Structures are given as structure tokens and as C-alpha cells.
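Work through the exercises below with the structure open. Each task is followed by a solution in steps.

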Number of protein chains: 2
Amino acid sequence: MTGEFDLIRRYFWDASSLRDDVVTGIGDDCAVLAPPLGMELVVSTDTLVEGVHFPEGTHPSDVGYKALAVNLSDLAAMGADPAWFLLNLTLPRADAEWLSGFSKGLLQLARDYHIALVGGDTTRGPLSVTITVHGFVPQGGAIRRRGARPGDVVYVTGFLGQAILGLKCWRREIDLPEEFLPGALDRFLRPAPRLDEARVLRGLASAAIDLSDGLAADLGHLLEASEVGARVWLERLPVSPAYDSVFGSMGWDPVLAGGDDYELCFTLPPEQRRAFHGRFVDFSCGFAEIGEIEAEPGLRLIGAGGSPYALACPGYDHFAGS
Amino acid sequence: MTGEFDLIRRYFWDASSLRDDVVTGIGDDCAVLAPPLGMELVVSTDTLVEGVHFPEGTHPSDVGYKALAVNLSDLAAMGADPAWFLLNLTLPRADAEWLSGFSKGLLQLARDYHIALVGGDTTRGPLSVTITVHGFVPQGGAIRRRGARPGDVVYVTGFLGQAILGLKCWRREIDLPEEFLPGALDRFLRPAPRLDEARVLRGLASAAIDLSDGLAADLGHLLEASEVGARVWLERLPVSPAYDSVFGSMGWDPVLAGGDDYELCFTLPPEQRRAFHGRFVDFSCGFAEIGEIEAEPGLRLIGAGGSPYALACPGYDHFAGS
């Protein structure tokens with residue numbers, strides 16, 4: 001057996017045997033999997049490149065955690081229950097210490113959500129991680145981007161602008177009070193996929209998206225897919241006490257356009273509000289009603305005193321300006 | 001809409017609408033797919049890195065073709081029918097000409113096998129391509145590596161050592177007669193996934209693997225998984241007329257250890273031979289009986305006059321020596 005295979009085995013084999021629906025896991029040409037009857041398969045994939053999606057020097061366990069978390073966040077946005085994932089790891093060299101840390105962060109999150117690693121690939125090259133996740137929804141039950149209708153209420157989970165706050169702390173570009181520092185870094189390095197929350201939204205939400213590129217950009221995608229517009233009030237946007245402590249130097253733009261928060265943005269028909277509030281109360285992340293869907297296309301941001309607010313930079317785009 | 005999304009749309013959107021079982025394709029947080037009843041899902045993923053898996057300067061349409069072909073080859077090794085794929089593309093910059101060529105090669109092969117592109121990700125970074133393929137087998141019908149038994153016959157499809165011959169031509173390390181040159185380059189740049197052939201093997205073959213790292217290494221994996229050994233006669237290994245024309249300078253090692261051929265190696269119980277020969281006769285790639293499974297572990301190569309043959313280098317390993 002050659003080194004490449006030994007590597008994969010040593011660090012990742014364990015995660016393959018978590019679930020009964022894995023007929024053949026790691027170690028053959030393909031995984032063989034048994035989809036549950038009457039369910040639709042939900043699939044997503046994301047690549048994280050060092051220096052683009054995480055800073056050089058990020059602890060490998062945080063890289064592992066985040067690579068899986070951002071993919072699970074996509075499943076959450078569809079209201080899907082996660083099941084399996086594949087891992088493509090490109091590394092400059094087979095570094096046992098790095099792999100050990102990486103697999104710890106990755107497999108911890110996998111265990112938390114009872115999902116199995118069923119395959120992957122290891123190649124030599126500049127550090128990057130691709131994960132492909134698989135989950136399930138009942139037939140016709142996926143929450144899509146395109147279902148928002150005029151009159152629907154716009155919601156977000158958790159706090160916005162947390163990841164960019166963490167990044168600025170990591171880079172020492174901002175001086176956060178000591179008490180807020182660990183939390184801010186944690187939200188940047190280890191975003192929480194809102195999977196449990198998303199399950200509650202199934203059958204209630206008319207549309208949903210996860211916030212990877214910032215509220216303005218991602219809500220923009222939802223509005224475009226739904227062929228509607230929205231009005232969002234800045235004063236309703238949920239910011240954390242940590243963010244609030246440095247609001248003077250940060251302002252609204254990172255709340256609206258900061259990437260990597262991985263909260264959910266979703267819309268609810270008004271008649272579903274009561275059911276939603278009743279069921280969602282158990283979740284510690286909280287939620288906020290931030291706006292309303294309108295027939296007129298476009299996103300209208302309403303600032304203090306009802307005046308329109310213009311955003312300096314609409315969102316994060318890897319290829320913008322190239 | 002930002003540049004990144006425009007890019008993906010422009011070149012790849014078309015391939016999403018090929019199949020009725022795609023409920024939601026490209027353009028949402030996840031793809032939503034309808035697995036056929038009574039089938040098992042077969043999944044595999046491979047990453048190709050520039051300079052490691054394809055030389056710098058490879059035509060983008062060949063990169064696109066090959067990235068999908070090597071993944072389909074994994075499905076073939078399990079006897080699976082292909083259905084859907086995802087594409088993660090990491091590019092130094094959004095180069096329209098490169099993307100146009102890449103998508104042509106990729107989508108041509110996708111159309112040939114009626115498979116749909118259902119999702120993916122585009123990121124900035126050093127050029128690499130990850131593809132994840134999904135296919136189906138009837139319940140319990142996957143051909144695995146672990147089913148070979150003593151007495152089974154060992155087969156390969158097509159010719160061996162073709163890809164390394166093509167690579168040596170590409171690098172101008174070898175002088176192939178003019179008539180053989182286009183064919184040799186084509187087998188290196190555009191390996192043919194043996195999907196149609198593999199479907200015939202379902203229910204007949206006891207074990208199978210595709211040849212990505214060379215016969216010796218890959219048959220070695222099959223033998224290890226099956227906990228058996230094999231005897232293989234060099235004189236039975238199928239080499240092309242092109243290879244034969246330069247055999248003097250090439251020898252047996254590239255036939256045994258050259259990667260990237262993507263032929264199938266499989267084993268058949270002797271009682272299935274007649275059925276197999278009858279059904280396989282339609283396929284132009286041809287096949288050869290190269291050896292026999294034995295109880296004693298290990299791969300025994302038999303050279304001229306029945307003497308054991310020792311291979312200089314056992315196979316291709318991206319991390320070997322690091």
C-alpha cells in the first residue's frame with residue numbers, strides 16, 4: 001500500500017462507519033450508498049483555498065471544521081438533513097501534524113451531526129479543501145431561493161457581521177474589549193451551520209439562503225431568483241454586543257456585506273409567523289425580522305429616519321475586478 | 001449579479017437541464033435530485049492539479065474532458081450507470097477563452113453519457129479541477145474490489161501503457177512513427193471511460209478496479225481488498241501496435257506501472273467466462289485474459305520462459321518520497 005492511501009486511512013477511516021446507509025465507504029473506487037425511500041437527495045460542494053477563504057496560519061483543526069461547516073450551511077439553506085460527505089484534500093506535502101489537527105476539527109463536526117465521510121481524494125499541490133455534502137428532504141420539501149412572495153417577512157438567524165469582526169480581530173485591525181475576543185474569533189473560525197434550525201423552517205419558509213457573501217449580496221440572490229424585491233430596515237439588523245462595542249468604527253457596511261457569517265436568511269408568509277415563532281423559540285441562536293418582500297425588484301435599505309441607505313461594496317466576489 | 005456567478009452561468013448552465021431527475025440544478029444553495037427507486041447511489045470524486053495530473057499547456061478542452069473522464073472511470077469500475085456531476089473549478093483568473101475550451105471538452109463528454117452538471121463552485125487560486133460524479137447500480141449490484149476468489153480469471157480492457165506512451169510523445173522523449181502519433185496523444189489526453197463495457201460486467205465480474213496508477217499498483221489494491229494473490233503473464237499483457245513499435249526502448253515497466261490508462265481490470269469466475277465473452281464481443285476496446293487469482297497473497301509477474309519478473313517502480317503515488 002502506498003503512502004497516499006496510508007495517509008487517508010490513518011486519519012479519516014474512522015468516520016466512514018458511522019451510518020447504516022453506507023453500503024461501501026472509503027477504500028473502493030466509489031462509495032455505495034442507500035438513499036432513504038421517498039426522499040430527495042440534496043447535494044452541495046464548496047472549495048476553500050488557503051489565502052482566499054482562510055488566512056495562512058489558520059489552525060488546521062479550524063480549517064477542517066470550517067470546510068465542513070460551510071458546506072453543511074448550504075444543506076441548512078435548503079432545509080435538508082445531512083447524511084454523507086466526500087473530502088478532496090490538496091496538500092503541499094503529507095504533513096502528519098497538519099493532517100491530525102485537520103481531521104480532528106473535521107470529524108468532530110461530522111460526529112456532532114452524525115454524518116459519514118464516504119470518499120475523497122488526496123493530491124499534492126497548493127493547500128485547498130473541497131467538500132461535497134449529501135443530505136435529504138422529503139419529496140418536494142426543499143426550501144428554495146425562488147419562493148418569496150410580496151408580503152412575506154424577511155428573517156435572519158443569529159447576529160450579522162460576526163465573521164468580519166473576528167477577521168479584523170485576527171488581523172489586529174481592531175481593538176475589541178477583552179471579554180468579546182474569544183467569541184468573535186470563534187464565530188469567524190468556526191461558523192455554526194444552522195441545520196437544526198433549518199429543519200424547523202421546512203414547510204414554513206417560502207424561501208431561504210445561507211449568508212456566505214453577506215446579507216446584501218445573498219438576499220439579492222434570493223430576490224432575483226424569486227423575481228421580487230425587499231425593504232430592509234437597518235435598525236432591525238441583529239448585531240452582537242461585541243459588534244456594538246465597536247460600532248463607531250465599523251458602521252453598517254460589514255453587517256450588510258461582510259461574508260462568512262453562515263447565518264440563514266429566509267422569508268415567511270405572514271400566516272406562518274405564529275407557527276414559526278412557536279417552534280423556533282428553542283433555538284439559542286435567535287432570529288430577527290428585518291424586512292418585507294415587495295413586488296418591485298431590488299433591495300431597498302432603509303436607514304435612520306426612513307432615508308435610503310447606500311452600501312459602499314455590495315458583496316464578496318472571488319473574481320471581481322479580475 | 002457578480003462576476004463569479006456570471007461566469008458559471010455563461011459556460012455551464014446548459015448542462016444542467018439534460019435530465020428529468022434533476023429537481024433543482026445549478027443556481028440554488030444545493031442541487032435537489034430524485035434517486036431512482038430500488039437503486040443504490042454510487043459516488044466518487046477526483047481532483048486534477050495542473051503540473052501534477054496534467055502538464056502545463058494542456059489544451060483546456062482536454063483538461064475538461066479528462067477531469068470528467070477519470071471520474072466516470074471510477075463509476076465504470078463499480079459497474080454503475082452515471083447520472084449527475086458537480087464541478088469545483090479553481091482558477092488563477094477568470095479567463096473566458098480558457099473557460100470556453102474547458103467547458104466544451106467537459107460538456108461534450110457529459111452529453112455523450114447523458115449526465116447532468118448539477119452544481120459546483122468557482123474559486124480563485126492555482127489551477128485545479130475537482131469533479132464529483134454520481135451514478136446508480138441495482139441494489140447489491142456494485143462490483144467491488146473485494147470479490148476476487150482463487151481460480152478466477154484476471155482480465156483487462158484495451159491496451160496498457162498507452163497513456164505513458166502519449167505522455168512521452170507529448171514531452172518529445174520518444175520518437176513514435178508518424179502514423180501512431182495522433183492516437184497515442186489522444187489516449188493520454190482523452191482516456192475513454194469504460195462505462196458501456198462495465199455495465200456488461202455487472203452480475204458477471206467478481207471484482208473490478210480502474211487502472212489509474214498502473215496495473216501492478218491497482219491490481220495490487222484489488223488483491224489486497226480480496227485477500228488473495230495473482231499470477232500474471234507478461235506475454236499476455238495487451239500492448240498496442242504503437243507501443244510495440246517502440247517496445248525496445250520502453251520495455252514492460254510502463255505497461256505494468258504506467259498511470260492514467262483508465263482501462264478496467266476485473267476478475268471473472270471461470271463459469272462466467274462464456275457468458276462474458278458472448279456479451280463483450282460488441283465492444284471495440286477489446287480485452288485480454290492476463291492471469292489467474294491464487295490463494296497466496298501478492299502479485300507474481302511471470303516473464304519470458306516462466307521466470308519471475310521484478311518491476312523497478314510499483315506505481316504512481318502523489319506523496320511518495322515526501
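**Exercise 1. Find the residues that Thr267(B) touches, leaving aside neighbours within four places in sequence, and say where Thr267(B) lies.**

Step 1. Contact means heavy atoms within 4.5 Å. With neighbours within four places in sequence left aside, Thr267(B) is in contact with Ala148(B), Asp152(B), Val153(B), Val154(B), Ala205(B), Ser206(B), Ala207(B), Leu222(B) and Ile293(B).

Before going on, note the conventions: this is a predicted model, in which local features need pLDDT of at least 70 and side-chain atom pairs count only at pLDDT 80 or more, while totals for chains, interfaces and linings use all residues. Residues are numbered from 1 along each chain as its sequence is written, chains are lettered from A and ligands numbered from 1 in the order in which they are written, and side-chain values use heavy atoms, without hydrogens and water.

Step 2. Locate Thr267(B) in strand S10 (residues 264-268) of chain B. Helices (H or I, at least four residues) and strands (E, at least two) are DSSP runs, numbered from the N terminus.

Step 3. Pick out Ser206(B) from the list: its side chain makes a polar contact with the side chain of Thr267(B), at 2.6 Å. A polar contact is a pair of N or O atoms within 3.5 Å; within protein, one must be able to donate a hydrogen and the other to accept it, and residues adjacent in sequence count only if both atoms are side-chain atoms.

Step 4. Is Thr267(B) buried or exposed? Buried means under 20% relative accessible area, exposed over 50%, and partly exposed in between (1.4 Å probe, protein chains only). Thr267(B) has 0% relative accessibility, so it counts as buried.

**Exercise 2. Characterise the contact between chain B and chain A.**

Step 1. Count the residues: 65 of chain B are in contact with 65 of chain A.

Step 2. Take the area: about 5500 Å² is buried between the chains, 57% of it from carbon and sulfur atoms. Buried area is the accessible area (1.4 Å probe) that two parts lose on being put together, summed over both.

Step 3. Count the salt bridges between the chains, of which there are four. A salt bridge is a side-chain nitrogen of Lys or Arg within 4 Å of a carboxyl oxygen of Asp or Glu. One of them joins Asp29(A) to Arg145(B), with the closest N and O atoms 3.4 Å apart.

Step 4. Find the main contributor: strand S3 (residues 39-49) of chain B gives ten residues, the largest share of the side of chain B that touches chain A.
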